[in-house]
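Thanks for coming, everyone. Please put the structure up on the screen. I will keep this brisk.

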Amino acid sequence: MNLRISALATIFCGTLFAADPASPAASPERVLVIKEAEKKQVRHSMIGMRDTLLFYTFVAQKAVLVLRIDNANAAMPVSGTVQLFDSKTPEEDLGKWVNNQHSDGLFADAPEPIHTFKLPDGTGAVTERKLVGREKQPIGDDVFSDYKVKLSVKEHRVEGKFRFAAFADEARVYVKTGKS
């Protein structure tokens with residue numbers, strides 16, 4: 001008798017947890033296809049030039065890939081994170097989250113990611129750079145070189161969570177070069 005109850009409990013609980021949307025079995029790995037992403041580039045803040053941020057928003061997958069190209073020097077190291085949101089997050093709310101990452105945090109109701117994954121060092125790199133101009137910071141006397149860059153990003157996967165294929169892209173980066 002106890003064996004029968006134990007077997008029924010196992011079947012019931014297994015079915016219950018498999019149907020639970022928060023369980024790993026019910027959350028398929030999210031495939032992030034760069035060509036399907038909405039891309040936003042940010043390289044200005046309210047006070048002037050800043051490091052370059054690239055936001056790739058995957059609306060159907062409820063995910064955002066964020067690449068940061070550091071502008072402290074001409075090496076321009078690339079770092080990144082993948083943010084995964086609840087499956088019920090509306091597209092508009094993903095946009096609010098992206099906006100809050102580079103502006104004045106205007107949206108108090110922006111969603112928080114349910115998972116954040118830092119990409120390993122070396123996943124992204126600037127492979128080419130071309131100087132296209134120089135600009136003076138609107139506030140102060142700092143001068144920045146304006147570069148058009150090509151970057152490559154290696155494929156990456158976190159099993160059971162997300163994956164994306166290797167890709168290349170272009171961006172613009174300001175690098176501080178001196179004073180006027």
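A word on the ground rules. This is a predicted model, where local features need pLDDT of at least 70, side-chain atom pairs count only at pLDDT 80 or more, and totals for chains, interfaces and linings use all residues. Residues are numbered from 1 along each chain as its sequence is written, and side-chain values use heavy atoms, with hydrogens and water left out.

Let's start with the sheet. Helices (H or I, at least four residues) and strands (E, at least two) are DSSP runs, numbered from the N terminus. Two strands pair if DSSP finds at least two bridges between them.

In what order do the five strands of the open sheet run? The order is β2-β3-β4-β5-β6, and the pairing is antiparallel. At the edges sit β2 (38–45) and β6 (115–118), each pairing on one side only. From one strand to the next, the twist averages 20 degrees. Now look at β4 and β5. Seven bridges join them, in the antiparallel sense. Take alanine 63: leucine 84, in β5, is its bridge partner.

Next, the helix. Helix α2 covers residues 91–102 and lies across β2, β3, β4 and β5. Contact here means heavy atoms within 4.5 Å. The helix runs at about 160 degrees to β3. Axes are lines fitted to C-alpha atoms, for helices over the stretch in contact, and angles run from 0 to 180 degrees between N-to-C directions.

Two loop residues deserve a stop. Lysine 62 is in the loop between β3 (48–58) and β4 (63–69). Its phi is positive, about 55 degrees, although it is not a glycine. Buried or exposed, at 14% relative accessibility? Lysine 62 counts as buried, because the value is 14% and buried means under 20% relative accessible area (exposed is over 50%, partly exposed in between, with a 1.4 Å probe and protein chains only).

Methionine 76 lies in the loop between β4 and β5 (78–84). Methionine 76 is not a glycine either, yet has a positive phi of about 50 degrees. Its relative accessible area is 1%, so methionine 76 is buried.

On to charges. Side chains of opposite charge can pair when their charged atoms come close. A salt bridge is a side-chain nitrogen of Lys or Arg within 4 Å of a carboxyl oxygen of Asp or Glu. How many turn up in a search of the whole structure? The search finds 16.

One of them joins lysine 39 to aspartate 169, with the closest N and O atoms 3.1 Å apart. This pair links distant parts of the chain: lysine 39 is in strand β2, aspartate 169 is in strand β11 (residues 167–179), and they are 130 residues apart. Lysine 39 is partly exposed, at 36%. Aspartate 169 counts as buried, at 18%.

Another joins aspartate 142 and lysine 179, at 2.8 Å between the closest N and O atoms. Here strand β8 (residues 142–153) is linked to strand β11, across 37 residues. Aspartate 142 is buried at 15%, whereas lysine 179 is exposed at 54%. There is also a network: salt bridges that share partners join Arg50, Asp51, Arg68 and Asp70. Within it, aspartate 51 and arginine 50 meet at 2.8 Å, N to O. Aspartate 51 is buried at 9%, and arginine 50 is buried at 19%.

That is the tour. Over to you.
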